[in-house]
Amino acid sequence: MVSDEVVLWSVPYFRALLRSCGRSSAREGRKLHAVLLRNGLLSNVTGSSSSSSSSSICSALFHMYAACGSPTTALRAFRCIPAPQRSASDWTALLSCNTRHGLHAEALRLFRTMEMEDRVPGDEVTIVCVLGACARLGDPAAGSAVHLRFIKRGLALVATVCNAAMDMYVKCGRMGDARQLFGEMAAPTVVSWTVILSGALRWEGLDTAREVFDLMEEKNEVTFTVMAAGYVEAGLPREALAVVAQMIFFSPHGSGPVSLNHVSLCSLFSACSQAGDLAVGRWLHAYSTKTALTAGAGEGNRRLHSVMVSTALVDMYAKCGSIRTARLLFEKMPQRNIVAWNAMLSGLAMHGLAEDLLLLFSQMAEGGVRPDEITLVTVLSACSRAGLVEEGRRFFRTAAPAAARKVEHYACMVDLLGRAGLLEEAADLVRSMPVPPNEVVLGSLLASCGLHGRADLGRRLMEQLGEMDPANTQYHVLLSNTYASSGRQAAAEALREALRRRGVRKVPGMSFIAVHGEVHRFRAGDRSHPRTAEVYAMADEVVVRLRAAGYEPGAAGKVWRVMDGYLGEEEEERENVLFSHSERLAIAFGLISTRPGAPLLVFKNIRICRDCHSAVKLVSRIYGREITVRDRNRFHCFKQGECSCSDYW
């Protein structure tokens with residue numbers, strides 16, 4: 001054992017080492033913890049004879065685990081600190097550890113314990129952490145209570161606290177409260193303005209957000225990024241580029257141009273991915289290359305930022321339809337983490353390139369990269385969409401061992417078997433699950449029953465799903481599909497009528513096409529476009545040529561579907577509007593607006609229907625066009641009368 005004199009001398013040394021480990025490596029911190037235990041130092045300092053040293057080194061040990069360990073380990077170390085000596089800093093570190101790991105409800109519970117049991121008054125850092133947890137929980141009642149508590153303590157006028165409270169109100173949909181608090185601030189900071197800007201974009205519309213943006217006297221890279229991303233997601237690339245150009249090339253109020261950092265670039269690439277805006281994405285790619293943000297050179301954070309930006313680029317190109325470019329960028333990355341591998345695998349899955357995906361997964365495994373849960377879901381989903389049953393089974397057995405399987409992996413496997421018509425095997429898998437199946441698992445099986453006309457199994461599944469969530473009407477829609485596809489039209493119509501009486505409706509499908517750098521949006525039966533007359537004239541011509549080629553509308557109009565979370569009668573599936581579906585109008589516009597033979601790229605917010613799928617195949621052959629449609633689930637590349645999905649999706 002080491003003497004107390006040696007212990008007192010070594011406490012500052014070990015505290016410094018623990019702080020260093022907290023900034024860099026939990027592994028080294030655990031080794032140091034073991035050294036303390038093995039040499040009797042920790043047992044000495046926890047003795048009553050040196051309580052000051054005890055609390056000092058225990059606190060350092062706790063902060064190390066809070067910074068780079070798990071919440072469970074951090075809590076265990078926290079409990080070694082004597083209760084009377086726990087400070088607001090200690091409690092805040094524990095709360096932050098939990099929020100960083102997504103345990104927001106636990107962080108809120110610990111905050112209540114801190115105030116009620118230990119009676120430690122939190123500081124402004126504490127409230128920012130707790131309000132952040134309330135924001136992520138979407139709990140405005142808890143957030144308001146926390147805010148009120150700190151108003152009573154006089155901390156509410158601190159800018160960081162006000163910003164955190166406004167952010168909480170915005171994320172909980174309480175823009176009125178956020179604006180009221182903003183109005184009460186004596187000197188709003190650029191962060192305060194940016195919080196209101198993001199809230200205006202989300203809840204009040206683009207025009208209101210632009211008014212907020214123009215009123216701002218000071219702007220930083222986050223402000224510009226939020227505004228530009230809002231324009232991209234709204235399908236307004238020119239306005240987005242104008243905001244980015246203002247940020248990069250002009251001096252805002254004499255403070256000098258603002259550069260796009262790696263966080264801004266990743267956010268904008270993500271917005272391009274969601275909107276399918278390749279033009280803005282390419283411009284940003286050129287900018288990032290010029291500023292060397294995607295270069296492999298550099299150390300530490302520079303290298304991490306390079307991986308982040310390169311991964312965002314891979315994801316953007318894949319989701320915007322340029323899978324070849326995504327693949328080239330991926331192969332040129334000097335370093336790849338699991339996020340980069342998942343982005344590339346997901347891109348291949350979206351494009352229906354399941355065999356390429358399996359080959360890439362093999363390369364990943366050979367390179368010693370360990371797959372995570374997202375990797376497993378991506379590979380199983382790709383096998384399901386491509387109908388690779390044997391490959392999916394083998395992967396499920398080997399790469400996803402029983403001990404590591406999550407509900408999501410079972411849902412993918414059930415979907416794979418169900419799509420292939422192996423409904424009994426899928427049902428057996430559901431019964432053998434070690435955990436009760438959730439709505440996703442049973443819903444996938446019910447959808448497969450509709451695809452293959454298994455009304456008997458569908459009815460039993462409907463009973464189980466009804467018990468789980470009686471208010472969810474989408475299962476009635478799926479069962480109606482099952483009845484319709486099995487020839488039981490009377491039963492299907494009865495379910496449909498029940499849904500009509502409940503007022504169930506679906507948001508109409510929308511399609512987007514970019515021509516000459518401008519994004520054009522169409523709805524089913526849309527007549528708001530400036531070139532409506534020309535669009536419908538071309539659509540009529542397409543109909544004539546389709547009929548001449550032997551095309552006839554299918555029976556899809558008799559089936560109801562659930563898409564993008566909206567339920568009800570699928571208006572685009574009705575035969576009387578079959579030829580004015582949103583994607584057909586977008587394709588007609590593309591045909592009159594581009595040179596003959598030019599490829600067309602259309603983005604749709606919902607799943608493409610079977611009738612449109614058959615029609616677009618013929619259009620690609622008749623007009624000699626390569627037409628790519630990205631729907632909610634995947635890409636369909638139509639060329640010479642064939643589709644990349646091989647009619648299996």
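Predicted model: local features only at pLDDT ≥ 70, side-chain atom pairs only at ≥ 80, totals over all residues.
Student: Which residues lie nearest the centre of the second largest pocket?

Tutor: They are Cys320, Gly321, Pro599, Leu601 and Thr628, and the lining as a whole has 34 residues. Two or more lining residues come from each of α17 (278-290), α19 (323-332), β1 (510-515), β2 (518-523), β3 (600-604) and β5 (635-639). The largest contribution, 4 residues, is that of β1.

Student: Which domains give at least three residues each to this lining?

Tutor: Domain 1 (219-289 + 305-335) and domain 3 (510-552 + 576-643) each do so.

Student: How many of the lining residues are nonpolar, polar and charged?

Tutor: The lining of the second largest pocket has 18 nonpolar, 10 polar and 6 charged residues. In this division Cys, Pro and Leu count as nonpolar, and Gly counts as polar.

Student: How do you know that β1 and β2 are paired?

Tutor: Two strands pair if at least two bridges are found between them. β1 and β2 are joined by 6 bridges, and they run antiparallel; therefore they meet the condition of at least two bridges. Within this pair, Ala514 stands opposite Val519 in β2. The two strands form a hairpin with 2 residues between them, and His516 in the turn has a positive phi of about 55 degrees.

Student: Why is Gln640 called exposed?

Tutor: The term exposed requires a relative accessible area over 50%. Gln640 has 55%, and is therefore exposed. Gln640 is placed in the loop between β5 and β6 (642-643). Although Gln640 is not a glycine, its phi is positive, at about 50 degrees.

Student: What makes Ser646 exposed?

Tutor: The relative accessibility of Ser646 is 61%, so Ser646 counts as exposed by the cut-off of over 50%. Ser646 belongs to the segment after β6, and its phi is positive, near 55 degrees, in a residue other than glycine.

Student: Which residues are listed under "repeat: PPR"?

Tutor: The unreviewed UniProt entry lists residues 87-121 and 337-371 under that name. In the model, the span 337-371 is 74% helix and 0% strand, and its end C-alpha atoms lie 10 Å apart.

Note on methods. Residues numbered from 1 in each chain as written. Heavy atoms only, no water. 1 Å grid on protein atoms, 1.4 Å probe; cavity = no way out; pocket = protein on both sides within 12 Å on 5 of 7 lines; lining within 4 Å. Domains from an automatic or database assignment. UniProt positions renumbered as here; feature names shortened; annotations may be inferred. Buried < 20%, exposed > 50% of the residue type's maximum accessible area, 1.4 Å probe, protein only.
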